[in-house]
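Here is a friendly note to read alongside the model. Please keep the structure open as you go through the points.

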Amino acid sequence: MKRESCIFTRLGLGVVAALATAVPPTGLVEASLPQPPLAEDRGHVVATRQTPDEFLATFDDAVLPGLGPIGPAPSITGNAAVDARIRAIGEARGYRRRPLPSGPLESVNGVLLQPEAAAGLRSLVAAAAAAGHRIWATSGYRSPATQTSIFLGKLAGTSDAAIDRRLRTVAVPGYSKHHTGYAIDIRASDGRLFSFRNTAAYAWLAADNFANAKAHGFVPSYPDGSGPAGPDPEPWELVWVGAENILCGVFEATADRPFCDTAESSFAADIDWLLAEGITTGCRDGRFCTRAMVTRAEAATFLWRLAGRPAAGADIEFVDVPEGAFYSDAVRWMFAEGITTGTTRTTFEPDRPLTRAEFVTFLWRDAGSPPVEPGSVSFVDVDSAGFAAAAIDWAAATGVTTGTSKFTFSPSTAATRGQAAAFLHRLATLDP
Ligand SMILES: [Zn+2]
């Protein structure tokens, strides 16, 4: 059997020409692209009230796309002992390590930002202009190397006092929110950093618990009056977290509504069903992580729970599926049933995100690999000779998938947990 890990190739024009005869699937598509907040959503966000420490926690706890894992701390001075002391003093001040971007950034007048932060900045600047304030961002993404040269630039010696003094205004390299691509420094009026606090633009931003910043997904990065946050308060720095993280920051779970991040999702009904069936318990405290990529281990677990948690069957030779892991029974069952063959003979790659093609292949095999009339449904981006063609045809014909648009399936895009919920819900409600 073919493995699930094949790479898709782009299709030629012949397939596009065949589009005219294709029957497009109907109904809601699974695409969940970044969208501006709904008007109602924005109203809820603006009405939230956060303390300074809650503003800090909103960014610290945010689930944000486009970030990689936190790697080793970068070298600062070239002297390991001095670097360790800088980090220790920084951490005592409240600095935290921050992840680096894992995807492309977008330029807003030369300031590089994560795509959703860039969209937020554009709408914030427009709203400020409409209110009579000209504001602009002078800094977004900065690499740890740039941060290092800024930090060393005015470091007056390496005594603890000199290091602490420097850290009042400049982050420890590797600890700056700027290198996430989600932080911006805002200027207005005379453009001077330290007079920003006294501008009418700042008063507009900060009024009513930062309502005008929150309306565009931003919260203050280092607000006045918080506990140790790293630098001294910085009225000019905002971080983008988006409506969902702002609402999650003030959410109190109830039995009826355990997740803070599903109400505005087009997959809310699917996720409710998943929860009611005991197939999910969420990704972490109070969240389903609707927009996070589903991992192969999570997908296996979802399918296994949907099947009623059957006893694990065969022995497996996957060296990366340890005994006792939350997904090991699920993977053993899948292997015994022929639903997975691994990514190699000895690996399953549990932590790797699953593509949409791989997910639908799992579902199709779980359903017994039913044959489908080839070409009954066509997506222009699905290779009819590829490993997942039959599975995707079946999924489209049965309504398990409705595509990411009328004519596309986006086979090599990572499936999100929200999409996974929709796939599973539709699979479970198929007529036998
Ligand atoms: Zn800054």
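1. Leaving aside neighbours within four places in sequence, arginine 332 is in contact with Ala312, Gly313, Ala314 and Ile316; two residues are in contact if their C-beta atoms, placed from the backbone, lie within 7 Å. Arginine 332 has its place in helix α12 (residues 328–336). Helices (H or I, at least four residues) and strands (E, at least two) are DSSP runs, numbered from the N terminus. Arginine 332 is buried, with 23 other C-beta atoms within 10 Å. A residue is buried if 20 or more other C-beta atoms lie within 10 Å of its own, exposed if 12 or fewer, and partly exposed in between, with C-beta atoms placed from the backbone. Between arginine 332 and phenylalanine 318, 14 residues apart along the chain, the C-alpha separation is 9.4 Å.

2. A word on what you are looking at. This is a predicted model, in which local features need pLDDT of at least 70 and side-chain atom pairs count only at pLDDT 80 or more, while totals for chains, interfaces and linings use all residues. Residues are numbered from 1 along each chain as its sequence is written.

3. Now the overall picture. The protein chain has 15 helices and six strands. Of its 432 residues, buried ones make up 40%. Among contacts between residues at least 6 apart in sequence, 76% join residues at least 24 apart.

4. Which strands form the open sheet, and in what order? Four of them do, in the order β3-β4-β6-β5, with antiparallel pairing. Two strands pair if DSSP finds at least two bridges between them. The edges are held by β3 (135–139) and β5 (218–222); each has a single partner strand, so one side of each is left without a neighbour in the sheet. On average, neighbouring strands of this sheet are turned by 45° against each other, direction ignored. Axes are lines fitted to C-alpha atoms, for helices over the stretch in contact, and angles run from 0 to 180 degrees between N-to-C directions.

5. Let us walk across the sheet. β3 and β4 pair in the antiparallel sense over four bridges, and alanine 137 stands opposite isoleucine 186 in β4. β4 and β6 are joined by three bridges, again in the antiparallel sense; here isoleucine 184 has leucine 238 in β6 as its bridge partner. Four bridges then join β5 to the antiparallel strand β6 (residues 234–240). Along that pairing, phenylalanine 218 stands opposite tryptophan 240 in β6, and proline 220 has leucine 238 as its bridge partner.

6. Is β5 enclosed or open to the outside? Five of the five residues of β5 are buried, so β5 is largely enclosed by the rest of the structure. Helix α3 (residues 52–60) lies across β5 and β6, running at about 105° to β5. Helix α8 (residues 200–214) packs on the sheet as well, touching β3, β4 (183–188), β5 and β6, and its direction makes about 115° with that of β5.

7. Helix α3 also has a helical partner. α3 and helix α9 (residues 242–249) pack at an angle of about 130°, with their axes 9 Å apart. The two are therefore oblique to each other: angles under 35 degrees count as roughly parallel, over 145 as roughly antiparallel, 65 to 115 as roughly perpendicular and the rest as oblique. Glu54, Ala57 and Thr58 of α3 make the contact with Asn245, Ile246 and Gly249 of α9. By class, this contact of α3 with α9 has two nonpolar, three polar and one charged residues. Ala, Val, Leu, Ile, Met, Phe, Trp, Tyr, Cys and Pro count as nonpolar, Asp, Glu, Lys and Arg as charged, and the others, Gly among them, as polar.

8. Helix α11 (residues 296–306) and helix α15 (residues 417–428) pack at an angle of about 25°, and their axes are 11 Å apart. α11 and α15 are therefore roughly parallel to each other. Ala299, Phe302 and Leu306 in α11 meet Ala420, Leu424 and Ala428 in α15. The contact of α11 with α15 has six nonpolar, no polar and no charged residues.

9. Finally, alanine 127, which lies in helix α5 (residues 115–130). With 17 C-beta neighbours inside 10 Å, alanine 127 counts as partly exposed. Not counting residues up to four places away in sequence, alanine 127 touches Asn212, Ala215 and His216.
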